[in-house]
Amino acid sequence: MKAAAVYGTIRDATMGTSVDERFEVREARPGTGLGLFARRTIKKGEFIIEYTGKKIPTPIADESESRYLFEIDEVWTLDGPVPENIAGYINHDCHPNVEAEIEDGRINIYAQKDILPGEELTIDYDQEYFDEFIRPIGCKCASCEKGLLSPHLKEGK
Ligand SMILES: [Zn+2]
């Protein structure tokens with residue numbers, strides 16, 4: 001896979017350590033593996049990174065065991081494992097600081113709030129992922145550990 005090549009500004013992404021002057025991949029909190037961390041202030045609304053991967057039909061993705069699926073629409077889904085897909089390092093948080101926008105069939109990730117240097121970038125994986133992979137073991141995200149109520153745990157699901 002040549003996903004890293006499409007980043008444009010992120011030429012040194014392939015080593016999986018320092019990917020952009022604004023953020024880096026490093027050890028996250030215990031039990032959560034690697035994460036993506038801000039190295040400088042990232043302003044609310046700022047473009048951060050594109051989620052890249054292999055384009056596969058969504059009905060096939062629905063049968064896949066991959067944990068790096070990101071659905072573009074009901075026709076196409078990206079399967080973007082790390083380390084090629086740096087955005088795949090972004091861990092889940094029920095109260096995240098980045099969000100994805102689908103734009104012209106691409107998945108672009110933007111800051112949802114101001115992010116300070118040293119802060120981990122987090123995104124809300126969708127309800128489906130939450131129910132399949134997170135709910136059975138209990139959510140270990142920083143917000144849940146702090147005791148904030150997860151929107152995914154509301155009744156009705
Ligand atoms: Zn959580």
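Biologist: Among contacts in the chain between residues at least 6 apart in sequence, what percentage joins residues at least 24 apart?

Modeller: Two residues are in contact if their C-beta atoms, placed from the backbone, lie within 7 Å. In this chain, 59% of the contacts between residues at least 6 apart in sequence join residues at least 24 apart. This is a predicted model, in which local features need pLDDT of at least 70 and side-chain atom pairs count only at pLDDT 80 or more, while totals for chains, interfaces and linings use all residues. Residues are numbered from 1 along each chain as its sequence is written.

Biologist: What is the mean pLDDT of the chain, and over which residues is the pLDDT below 50?

Modeller: The pLDDT is the predictor's confidence in each residue, from 0 to 100. Its mean for the chain is 86, and 86% of the residues reach 70 or more. Over residues 1-17, however, the pLDDT is below 50, although this stretch has 25 contacts in the model beyond near neighbours in sequence. Where pLDDT is low, the predicted coordinates should not be read in detail.

Biologist: How many helices and strands does the chain have?

Modeller: Helices (H or I, at least four residues) and strands (E, at least two) are DSSP runs, numbered from the N terminus. The chain has three helices and 11 strands. Their order from the N terminus is β-β-β-β-β-α-β-β-β-β-β-β-α-α.

Biologist: Which strands form open sheets, and in what order?

Modeller: Strands of a sheet pair through backbone hydrogen bonds, either parallel or antiparallel. Here, two strands count as paired if DSSP finds at least two bridges between them. Strand 4 and strand 9 are its edge strands, each pairing on one side only. Its neighbouring strands are turned by 30° against each other on average, direction ignored; the axes are lines fitted to C-alpha atoms (for helices over the stretch in contact), and angles run from 0 to 180 degrees between N-to-C directions. Within this sheet, six bridges join strand 9 and strand 10, and Ile102 stands opposite Ile107 in strand 10.
Another open sheet has three strands in the order 5-7-6, again antiparallel. Its edge strands are strand 5 (54-57) and strand 6, and its twist averages 35° from one strand to the next. Strand 5 and strand 7 pair over four bridges, with Ile56 opposite Thr77 in strand 7.

Biologist: Is strand 11 covered on both faces or on one, and which residues show this?

Modeller: In a regular strand the side chains alternate between the two faces of the sheet. A residue is buried if 20 or more other C-beta atoms lie within 10 Å of its own, exposed if 12 or fewer, and partly exposed in between, with C-beta atoms placed from the backbone. In strand 11, Glu120 and Thr122 on one side and Leu121 and Ile123 on the other are all buried, which covers both faces. Strand 11 pairs with strand 3 in the antiparallel sense over two bridges, and Glu120 is the bridge partner of Phe37. Strand 11 also pairs with strand 8 (residues 91-92) in the parallel sense over two bridges; there Ile123 is the bridge partner of His92.

Biologist: Why does Leu121 count as buried, and with which residues is Leu121 in contact?

Modeller: Leu121 is buried because 25 other C-beta atoms lie within 10 Å. Leaving aside neighbours within four places in sequence, its contacts include Phe23, Leu36, Ile48, Ile90 and Val98. The C-alpha atoms of Leu121 and Asn97, 24 residues apart along the chain, are separated by 6.2 Å.

Biologist: How many residues does the largest nonpolar core have?

Modeller: In soluble globular proteins, nonpolar side chains tend to be buried together. A nonpolar core is a set of buried Ala, Val, Leu, Ile, Met, Phe, Trp, Tyr and Cys residues joined through C-beta atoms within 7 Å. The largest one here has 24 residues, and Ile48, Tyr51, Ile90, Val98, Ile109 and Leu121 have the most contacts inside it. Among the strands that each supply at least two residues of this core are strand 2 (23-27), strand 3 (34-38) and strand 11 (120-123). Beyond four places in sequence, Tyr51 is in contact with residues including Phe70, Leu78, Ala100 and Ile109. Of the 157 residues of the chain, 29% count as buried.

Biologist: Where is Asp104 found, and is Asp104 buried or exposed?

Modeller: Asp104 is in the loop between strand 9 and strand 10. Asp104 counts as exposed because 6 C-beta neighbours lie inside 10 Å. Its phi is near 50°, a positive value in a residue other than glycine.
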